[in-house]
Structure formats: C-alpha cells, structure tokens
Amino acid sequence: MTGELYTMGKFVIYYIVLILAALGVIALFIFNGVHFSDKYNQSIINEITVDSSMPCPGLEGYQSKYAVIPYETEIKEDQFKNDTYAAVLIDTDKRIPIVAHNALRRIYPASTTKVMTGVVVCDAISRGEIGLDDTVTLKHDIEFEEEDALASELKEGYKITVRNLLYGLLMRSYNDFAIILAEYVAGSEAKFVEMMNQKAYQIGATGCHFVNPHGLHDDDHYVTAYDMYLIMNESRKYDIINEIDSYTSFTYSYIDDEGYILDDDISPTNMFLAGDYKVPSNITIKEWKTGTTEAGGYILAMNVEIDKGNYFIYVADAVSPDDLYNKIGMLFNYTK
C-alpha cells in the first residue's frame with residue numbers, strides 16, 4: 001500500500017510540474033506579446049517546424065556555400081537601426097556579411113514576394129510542365145480589396161503569354177499577374193503557395209512563410225532579410241529572370257476578349273533602372289525586386305556587380321523612397 005501511495009505521489013508531482021511549465025510558457029507569450037502582428041518589436045527567429053511532406057534541406061556544406069549571419073549579429077548597423085526594419089550587405093563571392101541589421105528578424109516582404117513566385121514558375125518551365133510561350137486565358141476577373149494594389153487591365157477572357165506575365169510580374173509588379181501565374185502553374189493560388197513554401201525549405205529559407213504569391217499584406221506572410229538573400233541567390237539560376245531584370249523599359253502585348261491585340265508599355269519599379277536615381281558607373285544591377293506596403297515599408301532587394309565583385313543588397317526602410325535609395329547608396333560605399 002505504501003508503494004502504491006509513493007507511485008501516486010510521483011505522478012501527482014509530475015503533473016503539477018507539467019502544468020506549471022505550461023503556465024510559464026503561456027505567461028511568457030502574454031507578457032512579451034509575441035504574435036504574428038507584432039512584427040518589429042520582437043527580435044526572434046522562428047522555430048523551424050518541418051512538415052513531413054516537405055523534403056528537408058540537406059545542411060551538409062551549407063555554410064561553405066553561403067554567407068552565414070548568426071543570430072543577433074549586428075554589423076555597421078548605426079546608420080540603419082533607428083528607421084530601418086532591416087538592412088543587409090553581403091559579399092556573395094567571399095560569402096562575408098559586410099552590413100547586417102535585423103538580418104534574422106521577421107519582416108513583411110511586400111512585393112519582393114514575387115521573386116519567389118517567379119522562381120517557382122521558372123521551376124515549372126524547367127520541368128517542362130509549362131512553357132514561356134504558352135498562352136494563358138483568364139478564367140475570371142481579379143480584384144483586390146486594397147485600393148492602391150497595382151494591377152493590369154486584363155479581365156476575364158483576355159489572353160497573354162507566360163513570358164509576358166513574368167515581365168509584368170517582376171518588372172512592373174502587377175499583383176494580378178501573380179495570381180494568374182499561380183493558377184496556371186498549380187491549378188489554384190493555395191496549391192501554388194504550398195509550392196512556394198516547399199521551395200523556401202529546399203533552399204534553406206526556413207525563416208519565411210508565404211500565404212499569397214503577390215505580397216499584399218497578411219500578418220502570417222513574412223520573411224527575413226537573410227531569407228531574401230537565399231531567394232535572390234536562387235533567382236540567379238534562371239535566364240528569363242536575368243533577362244527581365246536587365247530591362248529599363250518593355251512593351252508587351254495581350255489579346256482582349258474580342259480578339260484585339262493590345263499593348264502595355266511598362267517601366268521598372270526599381271528607381272535606379274527607371275532613371276529616378278543615378279547608379280555609379282562601376283555598378284551593374286543584376287536581379288532585383290522592389291516592394292512597398294504600409295506595414296512593410298519601402299523595400300529593395302538586389303544582386304549587384306561592383307568592380308567585378310558580386311554583392312547582395314537588401315533594405316526595408318520605414319521612412320520614404322528617398323530614404324530607401326539614400327541607404328542603398330550607403331551600402332554601395334561600404335563595398336569599397
């Protein structure tokens with residue numbers, strides 16, 4: 001009888017400890033206010049939860065292939081920490097971070113999301129599932145609740161090629177083109193987003209989570225600056241992305257529902273390429289993407305060549321487009 005009481009006592013103590021531990025965790029989250037909408041107040045790295053249906057990235061040799069920025073590492077951050085959500089400058093040849101501010105903090109990516117969208121579309125092209133010259137017929141109108149969401153003039157019944165959709169997606173940042181491509185590649189936007197998250201895991205970008213292919217705001221849609229480094233590095237593999245990102249203007253055509261051929265003249269959202277800001281003569285812009293939302297700020301991610309060296313640049317600015325491009329200029333100077 002004494003032995004039974006002793007055993008019961010051990011179980012009671014065990015369950016009390018478990019309950020206290022659970023209460024402690026709940027209290028920690030309540031008092032620290034850790035939740036998805038608390039986007040910039042907590043310097044946290046998301047714990048990695050690997051879905052068994054997703055292939056796990058092989059980590060062997062990972063650190064020798066990419067620059068590594070350890071948690072809480074801040075490098076030359078003084079000019080960025082007061083009004084910049086994140087700033088990163090990486091020497092991609094030497095795999096060395098030169099500037100790092102909030103490199104592993106969760107932030108909202110806005111339209112830089114579309115780089116991953118383009119990468120997933122290019123993967124489908126590489127596998128032979130779709131082609132650049134495929135003609136896509138819109139099955140329905142696409143509308144957005146956000147008043148300032150950039151979209152094309154395309155409507156139900158209009159026809160356009162995959163190539164032209166990619167130009168409008170990456171160069172002009174049309175949000176409807178992201179949905180058109182997602183539905184064409186995967187059959188639905190939701191299935192395409194699953195492919196985006198799976199691709200992120202495959203390349204080691206485990207600090208991000210996508211819920212749409214365009215980047216319009218959602219509290220559960222986020223990346224880190226370091227994730228964008230990995231995603232932009234992946235985009236370098238695709239000739240069509242290299243081609244699109246080299247243009248300073250482009251005219252593409254589409255067919256309306258009555259069979260008329262219409263043109264759209266587009267310019268890049270990157271103000272360096274659009275001519276609003278001057279690029280030093282020793283700098284060549286390679287792959288790039290801009291993004292702007294109220295929650296995400298003003299963002300520019302770029303692979304650039306400077307004096308024959310290759311660099312990755314990322315700034316998510318909280319102030320204005322002018323401030324963003326001034327900060328990019330600071331990062332240019334740090335490469336000297």
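So, how many bridges join strand S1 to S2? Five, and the two strands run antiparallel, with S1 covering residues 84–91. Keep in mind that we're looking at a predicted model here.

S1 and S2 belong to an open sheet of five strands, in the order S2-S1-S9-S8-S7, with antiparallel pairing. At the edges you've got S2, residues 96–101, and S7, residues 283–293, and each of those pairs on one side only. From one strand to the next, the twist averages 5°.

In general, nonpolar side chains in soluble globular proteins tend to be buried together. Here the largest nonpolar core has 72 residues, and the members touching the most others are Leu166, Phe177, Phe210, Phe312 and Tyr314. Helix H5, residues 175–186, gives this core its largest share, eight residues. Take Phe177: looking past its neighbours up to four places away in sequence, its contacts include Leu154, Ile160, Leu169 and Tyr252. There's also a second, separate core of 22 residues, with Phe80, Ala87, Ile306 and Val315 among them.

Last stop, H5 again, this time with its partner H6, residues 189–202. Their axes are 8 Å apart and the packing angle is about 85°, so H5 is roughly perpendicular to H6. On the H5 side, the contact uses Ile179, Ala182, Glu183, Val185 and Ala186, and H6 brings Glu189, Lys191, Phe192 and Met195. Sort those contact residues by type and you get six nonpolar, three charged and no polar.

Technical notes: Residues are numbered from 1 along each chain as its sequence is written. This is a predicted model: local features need pLDDT of at least 70, side-chain atom pairs count only at pLDDT 80 or more; totals for chains, interfaces and linings use all residues. Side-chain values use heavy atoms; hydrogens and water are left out. A nonpolar core is a set of buried Ala, Val, Leu, Ile, Met, Phe, Trp, Tyr and Cys residues joined through side-chain atoms within 4.5 Å. Buried means under 20% relative accessible area, exposed over 50%, partly exposed in between (1.4 Å probe, protein chains only). Helices (H or I, at least four residues) and strands (E, at least two) are DSSP runs, numbered from the N terminus. Contact means heavy atoms within 4.5 Å. Two strands pair if DSSP finds at least two bridges between them. Axes are lines fitted to C-alpha atoms, for helices over the stretch in contact, and angles run from 0 to 180 degrees between N-to-C directions. Angles under 35 degrees count as roughly parallel, over 145 as roughly antiparallel, 65 to 115 as roughly perpendicular and the rest as oblique. Ala, Val, Leu, Ile, Met, Phe, Trp, Tyr, Cys and Pro count as nonpolar, Asp, Glu, Lys and Arg as charged, and the others, Gly among them, as polar.
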